[in-house]
Amino acid sequence: RFWPLDPDPDDVRIEDIAHALSLQPRFGGHCRFHYSVGQHSVLVSQLCAPEDALWGLLHDASEAYLADVPRPLKALPEFEPYRDAERRLQGCVAARFGLDTEQPASVTEADDRMLRIELDALMGPAKKAEPAPTVVPAEVMLSLARPWSPRMAERRFLGRFEDLQTS
C-alpha cells in the first residue's frame with residue numbers, strides 16, 4: 001500500500017513505478033496509438049545529460065501514484081493542490097533514490113524537447129505548434145515509430161534503471 005498524499009520514501013518501489021508508468025498513456029490517452037509515460041521516461045533519460053539520466057528516468061515517477069495530468073490542465077489554478085502533492089511525492093522519490101530534490105535543468109530541457117517531438121509524432125503537427133527539433137537521435141524516432149507495448153516499456157524502464165545503477 002502507498003499513500004500518495006503522505007508518502008514515505010521506504011514505500012517507494014521501482015517495480016511499482018515501472019509497472020504503473022508502462023500502463024499510463026501520454027497526453028491523457030489522446031494519441032493515435034498507445035504510448036506510455038514509461039517509454040517517455042526512458043527516452044528523456046537518454047536525451048538529458050548523462051549525469052542526470054537517473055533523474056530523467058524518474059522525472060515523472062510521482063505520476064505512478066497520482067496519475068498523469070496533461071500540462072495545460074496541471075497549470076490551471078484549480079490544480080494547485082495536485083501540484084503540491086506532486087512536488088511532495090517527487091521529493092519523496094528523489095529521497096528514496098538519493099537524488100537532489102530539484103530537477104536538473106538538463107532533465108527539464110529533455111522533457112520539453114520530447115514533448116515537442118511526441119506532439120508531432122503522436123498527434124500530428126498542430127497549426128501553431130513549435131516545430132520539433134531537427135536533430136533527433138535515431139533511436140528516439142524509431143521508438144516513436146514503433147511504440148513499445150506496456151510489457152516492453154516496463155522491462156526497458158527497469159533495464160534502464162539497472163544500467164544506471166551499475167554505471
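Student: What should I know before reading numbers off it?
Tutor: This is a predicted model, so to speak of local features we need pLDDT of at least 70, and side-chain atom pairs count only at pLDDT 80 or more, while totals for chains, interfaces and linings use all residues. Residues are numbered from 1 along each chain as its sequence is written, and side-chain values use heavy atoms, with hydrogens and water left out.

Student: How many helices and strands does the chain have?
Tutor: Nine helices and zero strands. Both are DSSP runs numbered from the N terminus: helices are H or I with at least four residues, strands are E with at least two. From the N terminus, the order reads α-α-α-α-α-α-α-α-α.

Student: How much of the chain is buried?
Tutor: 45% of the 167 residues. Buried is under 20% relative accessible area, exposed is over 50%, and partly exposed is in between, with a 1.4 Å probe and protein chains only.

Student: What share of the contacts joins residues at least 24 apart?
Tutor: 70%, among contacts between residues at least 6 apart in sequence. Contact means heavy atoms within 4.5 Å.

Student: On to helix pairs. What numbers describe two packed helices?
Tutor: The angle between their axes and the distance between the axes. Axes are lines fitted to C-alpha atoms, for helices over the stretch in contact, and angles run from 0 to 180 degrees between N-to-C directions.

Student: At what angle do H2 and H7 cross?
Tutor: Roughly 125°, and the axes come within 9 Å. H2 spans residues 37–47 and H7 spans residues 105–123. That angle makes H2 oblique to H7. On this scale, under 35 degrees is roughly parallel, over 145 roughly antiparallel, 65 to 115 roughly perpendicular, and the rest oblique.

Student: Is the H2 crossing of H7 left-handed or right-handed?
Tutor: Right-handed. A crossing is right-handed if the near helix is turned clockwise from the far one by less than a right angle, and left-handed if anticlockwise.

Student: Which residues meet there?
Tutor: H2 brings His-40, Leu-43, Val-44 and Leu-47. H7 brings Val-107, Ala-110, Asp-111, Arg-113, Met-114 and Glu-118. By class, the contact of H2 with H7 has six nonpolar, one polar and three charged residues. Nonpolar covers Ala, Val, Leu, Ile, Met, Phe, Trp, Tyr, Cys and Pro; charged covers Asp, Glu, Lys and Arg; the others, Gly among them, are polar.

Student: His-40 and Glu-118 are both in that list. Is His-40 buried or exposed?
Tutor: Buried, at 0% relative accessible area. Beyond its neighbours within four places in sequence, His-40 contacts Arg-26, Tyr-35, His-59, Asp-60, Asp-111, Met-114 and Glu-118.

Student: And Glu-118, buried or exposed?
Tutor: Buried, also with a relative accessible area of 0%. Not counting residues up to four places away, Glu-118 touches Arg-26, Phe-27, Tyr-35, His-40, Met-123 and Leu-144. Glu-118 and Leu-144 are 26 residues apart along the chain, with C-alpha atoms separated by 7.6 Å.

Student: Phe-27 is on that contact list. What is its phi?
Tutor: Phe-27 has a positive phi of about 60°, although it is not a glycine. Phe-27 lies in the loop between helix H1 (14–23) and H2. At 13% relative accessibility, Phe-27 counts as buried.

Student: Which other residue has a positive phi near 85°?
Tutor: Ala-67. Its loop runs between helix H4 (63–66) and helix H5 (71–74). Ala-67 is partly exposed, at 35%.

Student: Back to H1. What do its buried residues pack against?
Tutor: H2, helix H3 (53–58), H4 and helix H9 (150–166). The buried residues in H1 are Ile-14, Ile-17, Ala-18, Ala-20, Leu-21 and Ser-22.

Student: What is the angle between H1 and H9?
Tutor: About 145°, with the axes 8 Å apart. H1 passes H9 in a right-handed crossing. Their contact divides into 10 nonpolar, two polar and two charged residues.

Student: Last one. What does Ala-53 contact?
Tutor: Leaving aside neighbours within four places, Ser-45, Cys-48, Arg-160 and Leu-164. Ala-53 sits in helix H3 and is buried at 2%.
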